[in-house]
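Please open the structure in your viewer and keep the selection tool at hand.

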Amino acid sequence: MNSITLQPAVSVKGEIIVPGDKSISHRSIMLGAIANGITTVRGFLRGEDNMSTMKAFRAMGVDIADDGETIRITGCGLRGLKEPGDVLDCGNSGTTIRLITGLLSGQSFFSVVTGDQYLRKRPMKRVVEPLSLMGARISGRSGGTLAPLAINGGALKGIAYQSPVSSAQIKSSLMLAGLYADGETTVSEPSLSRDHSERMFRLFGASLTINDNGVSVRGGVELTAQEVTVPGDISSAAFFMVAALITPNSELLIKNVGVNPSRTGVIDILQAMGGDIQLVDQREVSGEPVADLLVRSSRLKGISISGSVVPRAIDEFPAICVAAARAEGVTTIRDAKELRVKETDRITAMAVNLRKLGITVVETEDGMDITGSELLVGGNVDSSGDHRIAMSMSVASLVATSAITVTDIECVATSFPTFFPLLEKVSSNC
Ligand code: S3P
């Protein structure tokens, strides 16, 4: 099992560019594949999760060329995908499997989707159930709640679905199915999850309305190829924001970061903790807000985190937990039960790891209480095969009293293949 040993740092300084946004990269392939014409994508994230999406669409006959800079997708129109000759392996990617299950439900062919040992344990009922209400014929392990899932694509009808959880994967899966359904498909959720699908559907010319009842998609409308530029992923930037905030003598400029309001919960939370984060040169690219982030070392204090900010920061909690471990006082996290069904149970994984560094953590069913400390001891921690646990514990090493060894770090390649070289580039040990 791969591991890395990281030494404490005296500062985090410089200027970095983080790789492209994972969510937007997935969606650019999916919509490009079913649009008419050639879609070009710049800034695409070539992490393992996105490569799983790319492979799945190539297996359905879509020509996707990559010259190392630009991805060129020759769209085959709404009805042009071909039956794949084999099982579609989505690897570790929840976004790939849940979104394409929606898309595949409306095709006129049979397909099977699966993933790695972690993905095969993650809940699929959340998409299978509403898709079945639309008429999808999906079966799978455990009564159709776990992958592999077998999908007998066919005719769908639009429904109005009130999702019990705020989840962009559920919403987007139904929106993609909705492109093939008779009539209108409406999805609403308790509070807004990331809205990249809504923005990209618009960009590609889908018939879409957004109102208080949620998002509605009209079926049967052909999409038009686009030129997409993907901004840097705020979820990747979050590790470096926390790194610069907690390490003394630090000043870091993170360039070209997506600051879509449905994703900026992490900035709101860290600023509320006293973090010095400035948004510089705000602009819009391919329908998404973008800015440079200037982050300086700060004295952080514990706060209470709950409610609608939680889905807006859902992937950033491992990094936020590390900030909380260094803050003065207690940080309480609630309404975050979804963290238990991510790549691993992130509440338990972070609690176990932070305790190993001497931090007091109390787990609750839907969150945790973290008592911050000036003293983080070194030691051995494990990622549980989860990229964000691996990266957040690597950031914690910057302020520990001695080295931290993080085991099982290959998973970092799913979202941020250049994470360790970048961390080394900006952190100084002497
Ligand atoms: C994602 C949605 C979120 C997030 C995941 C990416 C997406 O999952 O955690 O990393 O691209 O739609 P949920 O929809 O399960 O909250």
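Begin by selecting strand S25 and strand S26 (residues 404-407), which run parallel and are joined by 4 bridges. Helices (H or I, at least four residues) and strands (E, at least two) are DSSP runs, numbered from the N terminus. This is a predicted model, in which local features need pLDDT of at least 70 and side-chain atom pairs count only at pLDDT 80 or more, while totals for chains, interfaces and linings use all residues. Residues are numbered from 1 along each chain as its sequence is written, and side-chain values use heavy atoms, with hydrogens and water left out.

Within this pair, Asp-382 stands opposite Thr-407 in S26. Two strands pair if DSSP finds at least two bridges between them.

Next, select helix H13 (residues 419-426). Which of its residues are buried? They are Phe-419, Phe-420, Leu-422, Leu-423 and Val-426 (buried means under 20% relative accessible area, exposed over 50%, partly exposed in between, with a 1.4 Å probe and protein chains only). These residues lie on the same side of H13 because they cover an arc of only 160° around the axis, taken from the directions from the helix axis to the C-beta atoms. The face turned away from the buried side carries the exposed residues Pro-421, Glu-424 and Lys-425. Among the partners against which the buried residues pack are strand S2 (11-17), helix H8 (234-246) and strand S18 (251-258).

Move to Ile-254, which lies in strand S18. It counts as buried because its relative accessibility is 0%. Setting aside residues up to four places away in sequence, Ile-254 touches several residues, including Ile-16, Phe-240, Met-241 and Leu-293; contact means heavy atoms within 4.5 Å. Met-241 is 13 residues from Ile-254 along the chain, and their C-alpha atoms are separated by 8.2 Å.

Finally, select strand S4 (residues 63-66) and strand S5 (residues 70-76), which pair in the antiparallel sense over 4 bridges. Ala-65 has Arg-72 in S5 as its bridge partner. The hairpin of S4 and S5 has 3 residues between the strands, and Gly-68 takes a positive phi near 95° there.
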